[in-house]
Amino acid sequence: MGLLVDGQWQDVWYDTKSNRGRFERKVSQFRNWVTPDGAAGTTGHGGFKAESGRYHLYVSYACPWAHRTLILRKLKGLEAHIGVSVVHWIMAEQGWTFEEGPGVIADPVNRVSYLHEVYTAADAHYSGRVTVPVLWDKKTDTIVNNESAEIIRMFNSAFDLLPGVPDLDLYPKALRADIDTLNERIYATINNGVYRAGFATSQEAYEEAVVELFRTLDWLEDRLATQRYLAGNTPTEADWRLFTTLVRFDNVYVGHFKTNLRRLVDYPNLWGYLRDLYQQPGVAGTVNMQHIKGHYYGSHVTINPTGVVPVGPVIDFNASHGRDVLYPVSEGLG
Ligand SMILES: N[C@@H](CCC(=O)N[C@@H](CS)C(=O)NCC(=O)O)C(=O)O
């Protein structure tokens, strides 16, 4: 676990001391966009045209942010157009590596052993954290973007003209304001909230994060009593962003990050909703619980010094969810 300083790798843990025990996530630095014609996107410069086989995605199955990009890649039929490499679940002295192991997919593009070498290949003087996901451009040999929220937006629409890409819009114009509002609260209190709880090194910082986290879960539990998905009757980007945290909740966060006021299975609506999303075609294949549990319990030595990974809990994501009562699929299609 570490970071790059002027292109040199240093093995250091997160600094929470300077901020009264609070974990603060740093802003991602590569912010260019792939667009249908190569024009500049929301941030950064242009020059990154959507072309089949041009881009490569680096992910960890363990990471909830990277997991979003894998789901969008799957749902948008981009597997044939964008290659993928998967790091080993243990993030140790050298950060993310491509050490051999079940589920690990080595790097056929830069042929590196460590993810930090991908960052220095893009910028020999890079300073900052070495995070997944990373979207790499094989044509100009650089990182296009390392911010999951932006990568999923590109996947949602930039590649729509390529063959086999389904007509599926997870960020439809009419729902954008709603999705943005949901994302904002869910990011701060749930997606990043579990990390704020788990990485806190003061009681006060931990409790603050846990209270906000469960307040939002309670709010969502009510919302999902009358509607099948967060923004209505079909899943949108907001659902997939929430999903990757929820699917890790009982298996990891409740124990490892101490977010244990309630388990997810104690929320009937959220739990049914999670199973509903898990059972959508293609999604279960993006969930690798061995990498997920192995990563958190095995890599965060400040939290779990023994690295022992718990055996349970027993959770059946395939149990029937009953959510179609709220909005049957047939109605959606008809
Ligand atoms: N804002 C980034 C966050 C990505 C991120 O923090 N990924 C974690 C894994 S879950 C990581 O690679 N951490 C390595 C580190 O912080 O050194 C995004 O959403 O893409």
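In this predicted model, Arg20 and Glu204 form a salt bridge, with their closest N and O atoms 3.9 Å apart. Arg20 sits in the loop between strand E2 (8-10) and strand E3 (55-59), while Glu204 belongs to helix H6 (residues 203-223), so the pair ties together parts that are 184 residues apart in sequence. The structure holds 16 salt bridges. The points below cover salt bridges, the ligand and the backbone.

**Salt bridges**

- Arg20 has a relative accessible area of 58% and is exposed, because the cut-off for exposed is over 50%.
- Glu51 and Arg54 form another salt bridge, and their closest N and O atoms are 2.8 Å apart.
- Within this pair, Glu51 is partly exposed at 25% relative accessibility, whereas Arg54 is buried at 8%; the cut-off for buried is under 20%.
- Arg262 and Asp218 also meet through their side chains in a salt bridge, at 3.1 Å from N to O.
- Arg262 is in the loop between H7 and H8 and Asp218 is in helix H6, so this pair ties together parts that are 44 residues apart in sequence.
- One network, made of salt bridges that share partners, joins Arg20, Arg22, Glu204 and Glu208.

**The ligand**

- Which residues come nearest to the ligand? Of the 18 residues around the ligand, these are Tyr14, Arg25, Cys63, Glu147 and Ser148.
- The shell around the ligand consists of 10 nonpolar, five polar and three charged residues.
- Glu147 places a polar side-chain atom 2.8 Å from a nitrogen atom of the ligand.
- In the side chain of Trp96, an N or O atom is 2.9 Å from an oxygen atom of the ligand.
- Asn146 takes part through its backbone, where an N or O atom lies 3.5 Å from an oxygen atom of the ligand.
- The ligand taken alone exposes 520 Å², and the protein buries 94% of that area.

**Cis peptide bonds**

- Most peptide bonds are trans, and most residues other than glycine have a negative phi. The residues listed here and under the next heading depart from one or the other pattern.
- Val132 and Pro133 are joined by a cis peptide bond with an omega of about 0°.
- Pro133 is in the loop between strand E5 (128-129) and strand E6 (134-137).
- Gly312 and Pro313 are likewise joined by a cis peptide bond, and here omega is about -5°.
- Pro313 is in the loop between helix H9 (289-299) and helix H10 (329-333).

**Positive phi angles**

- Arg111 is not a glycine, yet its phi is positive, at about 50°.
- The loop that holds Arg111 runs between strand E4 (82-86) and helix H2 (115-122).
- Is Arg111 buried or exposed? Arg111 counts as exposed, at 68% relative accessibility.
- Lys258 is not a glycine either, and it has a positive phi of about 60°.
- Lys258 is found in the loop between helix H7 (237-256) and helix H8 (268-278).
- With a relative accessibility of 45%, Lys258 counts as partly exposed.

Conventions: Residues are numbered from 1 along each chain as its sequence is written. This is a predicted model: local features need pLDDT of at least 70, side-chain atom pairs count only at pLDDT 80 or more; totals for chains, interfaces and linings use all residues. Side-chain values use heavy atoms; hydrogens and water are left out. Helices (H or I, at least four residues) and strands (E, at least two) are DSSP runs, numbered from the N terminus. Buried means under 20% relative accessible area, exposed over 50%, partly exposed in between (1.4 Å probe, protein chains only). A residue is near a molecule or strand if one of its heavy atoms lies within 4 Å of it. A polar contact is a pair of N or O atoms within 3.5 Å; within protein, one must be able to donate a hydrogen and the other to accept it, and residues adjacent in sequence count only if both atoms are side-chain atoms. Accessible areas come from the Shrake-Rupley method with a 1.4 Å probe; for residues, only the protein chains shown count as cover. Ala, Val, Leu, Ile, Met, Phe, Trp, Tyr, Cys and Pro count as nonpolar, Asp, Glu, Lys and Arg as charged, and the others, Gly among them, as polar. A salt bridge is a side-chain nitrogen of Lys or Arg within 4 Å of a carboxyl oxygen of Asp or Glu.
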